[in-house]
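Reader: I would like to go through some side-chain contacts with you. Could we begin with the charged ones?

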Amino acid sequence: MSIHYVPLTDTGLFRALYRLKNRHGLNKPIQLTIDTINKPMVENALKEIEETSVTAVYFDGSPYALREELIRFHREHYEKGHSHAALTAEESVSLALTDLGVPNEWVIPTDQNITVTLERALLSTETRKSKESQIVVGMVNVDNFGKSVQQHSTEHEIQKFKLDIHRTLLDYVESLDGYLTLMGGDEYLFFTTRGIFERETGGYKSIPMARNANKKWG
């Protein structure tokens, strides 16, 4: 399973600043309180658009601060006249500030951010599917096959021994949804897909059939 998240970028910040100015009629200079969004991103965004009339106070508490802490941070600065508005990346904080009469904007990813993330997720999925469908070719060689054959006294027992090996390998390859072919003597080839083989071997860490065969004929 892969996890993707939609990051906050400067485009989301630009939109939030634009809405603050237009919705709340803020006049320059503007003092903001900001939580969750990191300071370097904000400063780089303001520098990018040559915005010098906006200054900010950043919440410096825990990155996992409670909702109430963030609300109190914005509210106290606003009520003391130390800020004109707030920017927050938390929807619940934005809603609470609105109820308290504190001008604010909820900074969220833009449609473009969401589209890019979805495209990356799709590409990741397609790449994974492509890898899982790759063909795996394996060779099985029966150790000490000649010596094991000599331990059987009759042709009938030898054929039963060979048939037992072949049946065991067939059952294993069937569990891989694959195909088995006898190369001759003590060598076999099998074909399956990478996805199935990785799952059955725990990521190429172990082959249960090999352990079982070693116990049975080793």
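Author: R75 and E79 both lie in helix α3, four residues apart, which is about one turn of the helix. Helices (H or I, at least four residues) and strands (E, at least two) are DSSP runs, numbered from the N terminus. This is a predicted model, where local features need pLDDT of at least 70 and side-chain atom pairs count only at pLDDT 80 or more, while totals for chains, interfaces and linings use all residues. Residues are numbered from 1 along each chain as its sequence is written, and side-chain values use heavy atoms, with hydrogens and water left out.

Reader: How far apart are the closest N and O atoms of R75 and E79?

Author: They are 2.8 Å apart, and the two residues form a salt bridge, meaning a side-chain nitrogen of Lys or Arg within 4 Å of a carboxyl oxygen of Asp or Glu.

Reader: Is E79 buried or exposed?

Author: E79 is exposed, with a relative accessible area of 54%, whereas R75 is partly exposed at 36%. Buried means under 20% relative accessible area, exposed over 50%, and partly exposed in between (1.4 Å probe, protein chains only).

Reader: How many salt bridges does a search of the whole structure find?

Author: It finds six. Among them is the one between R194 and E198, with the closest N and O atoms 2.9 Å apart. Those two residues are four apart in helix α8 (residues 194-200), so about one helical turn separates them. E198 counts as buried at 13% relative accessibility, and R194 is partly exposed at 23%.

Reader: Turning to aromatics, how many pairs are there in the whole structure?

Author: The search finds three aromatic pairs. In one of them, the ring centres of F59 and F73 are 5.4 Å apart and the planes stand at 65°, so the pair is edge-to-face. Rings of Phe, Tyr and Trp (its six-membered ring) pair if their centres lie within 6.5 Å; planes under 30 degrees apart count as stacked, over 60 as edge-to-face and the rest as tilted.

Reader: Where do F59 and F73 lie?

Author: F59 is in the loop between β2 (54-58) and α3 (67-79), and F73 is in helix α3, 14 residues apart, so the pair links distant parts of the chain. F73 is buried, with a relative accessible area of 11%.

Reader: And what is the geometry of the pair formed by F190 and F197?

Author: That pair is tilted, at 6.0 Å centre to centre with 40° between the planes. Both F190 and F197 are buried.
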